[in-house]
Amino acid sequence: MKHILFLFVIGLLFSACNSEVKMKTEEQKQTEDFNYLLEQFADIKIMRYQVPGFEDLSLDQKKLTYYLSQAALCGRDIIFDQNYKNNLAVRACLEEIYKNYEGARTGESFQNFVVYLKRVWFSNGIHHHYSMDKFDPGFEPEYFSELMKGTPNGNFPLQEGQTLDEFIPWMTSIIFDPEVAPKRVSLDSSKDLVKASACNFYEGVSQKEAEAFYTKMKDPNDDTPISYGLNSKLVKRDGVVQEEVYYEGGKYGAALKQINFWLEKARTVAENNQQKAVIEKLIEFYKTGDLKVYDEYNVLWVSDLDSRIDFVNGFTETYGDPLGMKATWESVVNFKDMEATKRTEIISSNAQWFEDNSPTDKRFKKDEVKGVSAKVITVSQLGGDCYPSTPIGINLPNADWIRKEHGSKSVTMENITYAYDRAALGNGFLEEFCLTQEEIERSGKYGSMAGNLHTDLHECLGHGSGQLLKDTSPEALKNYSSALEETRADLFALYYILDKKMIELGIMPSLEVGKAEYDRYIRNGLMTQLTRILPGKDIEQAHMRNRQLISKWCYEKGMDENVIEKTSRDNKTYFKINDYDKLRILFGELLAEVQRIKSEGDYDAGKMLVETYGVKVDHELHREVLSRFEKLNIAPYGGFINPTFQLVEENGEIINVAIKYEDDFAAQMLKYSEQYSFK
Ligand code: ZN
């Protein structure tokens, strides 16, 4: 599972803060005059992150980071190809023009062409990374032919047997024809999902055939099922449906071989035997493509809690497949932030206290809570599906039976959220949507800390709390289950973030942190998250539904006592919290009800909550929010470029690994295309 940052929900809301309490660890380590925000185009902003603490790692840990980072970059072409079968050809074509076009580079059309190329780089393909819709290129097909013809030295990716005259119309239709590959992942269940999706996990098979293929494979009595179909493309050849498996001797073999080359080096500098075994298993998995080996790898990985350096590298998340089976390749290399991890360890080790004191019914509480292993990490390199658009937290592995028997690792990527916060400084968002100066200042002072603590409580405790009654089916809440589950975890966090216990435990300096979180949550849930919705539409995304559900329910229930006040100034709407303690009680009441719904599997009550409070948008307010937001000119999506690691050698021996912070998005993309493409 990936936790994605909704920019307006957390990132953009924090303004400058030099207070004594804020992000203590980073403040000491990160250089203040670092330029986080690099550029902005279309709906995207490009940022970069610092890697505080890297210099303090041992030489072997630095080498390990270097090797794993190389392995992370080697999978870049895999994700382009998985997203859509012609993405690599499109990218190569656009890059050839960008590098070698001999005509004018100053006009508006050329600038639009460059923006299109940057969007393709950012999304790892021709579809929007979030909406999944194919991009409108923003320039004319005629101009595109002109560009290709004006690039006589371009080394265009001609397909087998193709001449340049055939290549031009072929490429033009891929980029411009709205009928060709309109959506990367379609979730419109009135259609054949496989055929309606442009992602490259199926070829020549229908949804029915794909489902039949895997249903036949599965054994319903298997307690430890492999993740069927995870690392393959399903194709029909000579009338036979079959898998093209991703492994050294098969699909993506060249890239996987190179990844293994670096993993072999990483193995030699592993921090301990456990980590060495983890890396060896991963190498074996890429060599064989055997999903049993993959499970063994995950069991080893989740048990490696002592290593400072850690990584994700593999076919991991299945959001890119409309059938939710096939995984995209991703990588994150990181090391533990020792100071900040103390915070999550305190929370984890007090898990039982939180469970016992939550406002839920006793029958729905766990007698014995196991704290999730949670840590705060510093990211040192992003790759594949985590680059440039990255999650802010990861909870793995995904296989249910492994999570149940061996647990899972939950990580918060704090140098990434920190970079988001810093990049958002002074963008005017808070000033536009907060009613009072006090609120703005509180957010500046405590916002980052509040956001991090909310995430900790949500992840380490919220999801793991409570239990189902004996006869309740885990699937009882059906299509409402994910929205309700996120509601539950958020409420758990909200309830406790205003609890004195947090101060007693030494993880929060004052209740002002909780108030900052309440301000943000309500403002976002009732108003600012609407900036992500198109005019006239309702809310579909599960996290957004949950946030509005909580905010609106509390607004309504507290109306008589004016707990949350809706007010206006200069024709602008604002929401202001008048009574924080009452609001906390309301969060507690809703938590008790949502826990009851989950524990009893009360589908009707769950449906009623989501449909009544989570879905419908106040269209007048929505219009107002959109127009206020537009004036701020803030890109709603963001991503990061990587630092570069360089080996420092003396007499043929590695004596150090240097880190270099890059600042040019296009340059990094061109470099990666040149150095990390394997055929
Ligand atoms: Zn969650």
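A search of the whole structure finds 40 salt bridges. Keep in mind that this is a predicted model. I will go through a few of those pairs, then the sheet, then the metal.

Side chains of opposite charge can pair when their charged atoms come close. Take Lys118 and Glu39: their closest N and O atoms are 2.8 Å apart. This pair links distant parts of the chain, with Lys118 in helix 5 and Glu39 in strand 2, 79 residues apart. Is Lys118 buried or exposed? Lys118 is buried, because its relative accessible area is 14% and buried means under 20%. Glu39, at 22%, is partly exposed.

A second pair is Arg237 with Glu244, at 2.6 Å from N to O. Arg237 is partly exposed at 39% relative accessibility, and Glu244 is partly exposed at 24%.

Glu264 is partly exposed at 31%, and Arg267 is partly exposed at 26%.

There is also a network of salt bridges, linking Asp361, Arg363, Glu593, Arg596, Glu600 and Asp602.

Back to strand 2, where Glu39 sits. An open sheet of three strands has the order 2-3-14, with mixed pairing. Strand 2 (37-41) and strand 14 (637-641) are the edges, each pairing on one side only. On average, neighbouring strands here are turned by 25° against each other, direction ignored. Strand 3, residues 44-48, runs parallel to strand 14, and five bridges join the two. Arg48 stands opposite Ile641 in strand 14.

Which helix packs on this sheet, at about 115° to strand 2? That is helix 5, residues 108-123, which touches strand 2, strand 3 and strand 14. Helix 16, residues 414-423, lies across these strands as well, running at about 120° to strand 3.

Elsewhere, strand 12 (residues 564-569) and strand 13 (residues 572-577) pair in the antiparallel sense over six bridges. Arg569 has Lys572 as its bridge partner. Two residues lie between the strands of this hairpin, and Asp570 takes a positive phi near 50°.

Last, the metal. Which residues coordinate the zinc ion? They are His458 and His463, each through NE2, and Glu486 through OE, at 2.0 to 2.2 Å. The donors follow the spacing H-x4-H-x22-E along the chain. His458 is in helix 18 (residues 437-462) and Glu486 in helix 19 (residues 481-496), 28 residues apart. His458 counts as buried at 7% relative accessibility, and Glu486 is buried at 13%.

Note on methods
Residues are numbered from 1 along each chain as its sequence is written. This is a predicted model: local features need pLDDT of at least 70, side-chain atom pairs count only at pLDDT 80 or more; totals for chains, interfaces and linings use all residues. Side-chain values use heavy atoms; hydrogens and water are left out. Donors are N, O and S atoms within 2.8 Å of the metal (3.2 Å for Na, K and Ca); water is not among the atoms, so sites may look incomplete. Helices (H or I, at least four residues) and strands (E, at least two) are DSSP runs, numbered from the N terminus. Buried means under 20% relative accessible area, exposed over 50%, partly exposed in between (1.4 Å probe, protein chains only). Two strands pair if DSSP finds at least two bridges between them. Axes are lines fitted to C-alpha atoms, for helices over the stretch in contact, and angles run from 0 to 180 degrees between N-to-C directions. Contact means heavy atoms within 4.5 Å. A salt bridge is a side-chain nitrogen of Lys or Arg within 4 Å of a carboxyl oxygen of Asp or Glu.
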